[in-house]
Amino acid sequence: MPTPKGAYGVHRVTTELGLRHLLWKAKGAPLIAVMPEEVARRIQAAPDLLRRARNQRVHALSVNDVLEVVLGVRVVGADAPYMQQLALENVDRLGLAMSHRTLPTVVDRKLLTELLVDASVGEQVRTRSPAQLLAAWVTEPPRWSPNISQLVRDAMPTLHGDEGRLLSWALAEPEVRLRELVVHGAVLTVEAPEVSKHAWGSLWKAATEPPIDMDRRILRRTVARLAEETLSALGDGAATLLSGADSIGRACLTPTELQTSRVLPLAFADRCHSLSQQAASGKAISAADIAWLSGHRAARIHRADLAVLEAMARISRYLDQPFSPKTELLDQVRDYQRGGAFADLAMLELRRALASSVHYHAEANKVIAACRERRDRENRHFAEGLAGGYEAALHREGITPLHRLWKRTVAPVWKSEPNARLFLIVLDGCSYPVFLELLQALSQDNTFPLGIKPDADGRVAGLPALSPLPTVTSHARGAIFLGELPSDPLVAETVFRDQDEAKTDKARFNQNAALGRRTRRLFLKADLADGGQGLLAALEDESLSVVGTVFNAVDDQIGSLNTGATVRLTPEDITAFKPALRVALKAGRKVLVTADHGHSPYIDKSLRAGNGKAPRYLALGKHDAVPEGFIEIDLAGLGGPPERRAFAWRSGAYLGGPQVGFHGGCGLEEVVVPLAWIEQGGLHADEPTWWYGRGALAEASVELRPIAPPLVTPPLLTRPLVTPLPSGELHPKPKAQLSLFNPADKAGALPLPPALLDRLSIDEKSILVLLRENGSARSSELAERLKKNPGRLNGLMRGLRRTLHAEGHVLFSDEVLPSGETMYRYEAKPNTNEGVF
């Protein structure tokens, strides 16, 4: 061992004979002998061997003496046997640790304990939070020697405050108590004033014993917070612990108490079950209930169930809105865009969520059935409007039919910007709900956000647009590219897709009179087989005025026979869709997105109305009856050859064989198509108020008061000639209303005389009230609550302590944590002068 006076050899001996032999071999050389206490006491009885006089050959050194030599500084406080043994075992590490620090004047017990903890188990015990330590230890309980375990347990309260007391108690029996601390702490998270002793477990008795020795109210808050943070740190690894907490909660808590816990999975499941029953019975689920579920600790484990409840809640709030059908067709279209389409999207999300969950299917099916019934009423009302005059309805002012897209939507742009170049995107079969999903995804792309520009009123929504009847590809897409309603015979979907699409659409696009002499080019499905490279090159070509393309991703999905699946698309799933949007906007083109028609989703076989060549419309004979869920509409020669036709208005009704989606009918989800200008930095469509709830702010209400009668002045002759004298009675001053957020208003409950309370400032009263209500608080927490500089708070606390001490009162104590922060604890003690507690 190197020292300022030279190098000493350190030897361990276990017997008196071994020491005599060591001294004989040393031949007078300096050395240090380390021996058991029993051997040291025996040697003290050998006067020939031990010389206590100074400057003799043998000296008796204490552990502190050895540490002073090693550390080069005075050491006090190493009096506990376990600390002495650990200090000697780790003497080299202690010396290395001190060489990396500023040399203190003296190493007291607190600093020595900190050094020994770092040397014995690592600095993570000091640097990690209590929750992180508990998470690591409950996963793999520490297996330390008795001396190291005692050291860490003694250091915990000083290192981590109240949480450290709990960890110190748990480390006494780590195999059992660490788990109990998390399990029972999770049970104590319920928001109930009192819980049974069984919910506390062994913590009930430990509350009154060292090292915890805390008021149970403070202990409950501390252990609940520690357990909640530990479970968050464990993540999915906390399943077994939460299962144990559920078992205890089921046995000792009432269902009402259990549902208040934000940690127990059983509380999450009970709340989900009650909310699903509520929605199935026709009552709306509030956004606050869903927010509570989303903030629950078990939400991460039960993501699928939470998704089901979120979709059910949205539908329940939609159903809670009054049904008030509009008379004007334009208002019906806008209502669908701003409400009904979102209801269809919520049902789509609910069906997807149910595919991943095994719970709440019966309740969800009831909610879906109620929503379909509501949507069918809207569809029938809309279909009756079309049947009352199809031609007038299709060309209604404010609505853009697809064959008038060029004149009503594009022409105004070319009028203001004659040289504007256009990129037209047609999403084949894309219903308005699917368009809302795609638009949401485009707007959330941080690298290149796309969306709709708000209108003059700040509202974000697509333009009202209608697909012509029947809503089939050959007829609707022909209306877009030709700029007029085609008079060709209606072609079956499969025939048009396989044979006529390429030659018919491109021919009609070239014949479009609304484009005049503008250069144009149309890309169809076969033209995108190269990954869209030809389309991207055309968009960058400045000689092309109009570039159009058709993306068939949606139509390909709804034509599938896999009726167990729902339509699910992201912008990334559509080949060349996002790259084309980016290239077009960067090339300075205006981008217009629309669809040729929407679709009605498959529900079940009970809605099959019979056989037919087309799923959602059929030709009627002279005396044929209209099938259930269909309505006869006279198209006045605007939809193929003149004949009687019936169109489906009921969602999911179909003819022929089943598939994922159908079109051709007159439901809002088929006829109302997306039409919107897409811009960089645009937004997604505005959700209705019920989508996320009614909002956090209450709607302003005007209080209606009855009109007071006019003041009638009596005639001059009837007025009293003597003015009444004013009353000398003094009216009491009205009481000031208590502040909702100022703790000082509760200072009257403090155990202090009124005269002393009047001398305290508002901040001093607030501090005492906060300490009394919470039991303990750190200086940073008090400073944040009082909105003060943390550096000035300690001075305020010292002044408050002197004021209270002068009157014989002690209401709090303080303790400096290793981080340098001060922890204050409420400790009301009796006043020896006045007997006030």
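## A guided tour of the predicted model

In this predicted model, residues 24 or more positions apart account for 70% of the contacts in the protein with a separation of 6 or more, where contact means heavy atoms within 4.5 Å. Residues are numbered from 1 along each chain as its sequence is written, and side-chain values use heavy atoms, with hydrogens and water left out. Because the model is predicted, local features need pLDDT of at least 70 and side-chain atom pairs count only at pLDDT 80 or more, while totals for chains, interfaces and linings use all residues.

Begin with the whole protein, which has 33 helices and 22 strands; these are DSSP runs numbered from the N terminus, helices being H or I with at least four residues and strands E with at least two. Of its 837 residues, 47% count as buried, that is, under 20% relative accessible area with a 1.4 Å probe and protein chains only.

Next, select residues 109-121, helix α6, together with residues 146-171, helix α9, whose axes come within 10 Å and cross at roughly 125 degrees. The axes are lines fitted to C-alpha atoms over the stretch in contact, and angles run from 0 to 180 degrees between N-to-C directions. The two helices are therefore oblique to each other, a word for angles that are not under 35 degrees (roughly parallel), over 145 (roughly antiparallel) or 65 to 115 (roughly perpendicular). Among the residues making the contact are Leu116 and Val117 of α6 and Leu151 and Val152 of α9.

Now select Tyr602 and Tyr654, a tilted aromatic pair with 6.1 Å from centre to centre and 55 degrees between the planes. Rings of Phe, Tyr and Trp (its six-membered ring) pair if their centres lie within 6.5 Å, and planes under 30 degrees apart count as stacked, over 60 as edge-to-face and the rest as tilted. Tyr602 lies in the loop between β14 and β15, Tyr654 in the loop between β17 and β18, 52 residues apart, and both Tyr602 and Tyr654 are buried. For an aromatic cluster, select Tyr318, Phe342, Trp690 and Trp691.

Move on to the loop between α12 (203-206) and α13 (216-234), which holds Pro211. The peptide bond from Pro210 to Pro211 is cis, with omega near 5 degrees, and Asp213, found in the loop between α12 and α13, has a positive phi of about 45 degrees although it is not a glycine.

Finish at Ala576, in the loop between α27 (553-558) and α28 (577-586), where phi is positive at about 70 degrees although the residue is not a glycine.

Conventions
Buried < 20%, exposed > 50% of the residue type's maximum accessible area, 1.4 Å probe, protein only.
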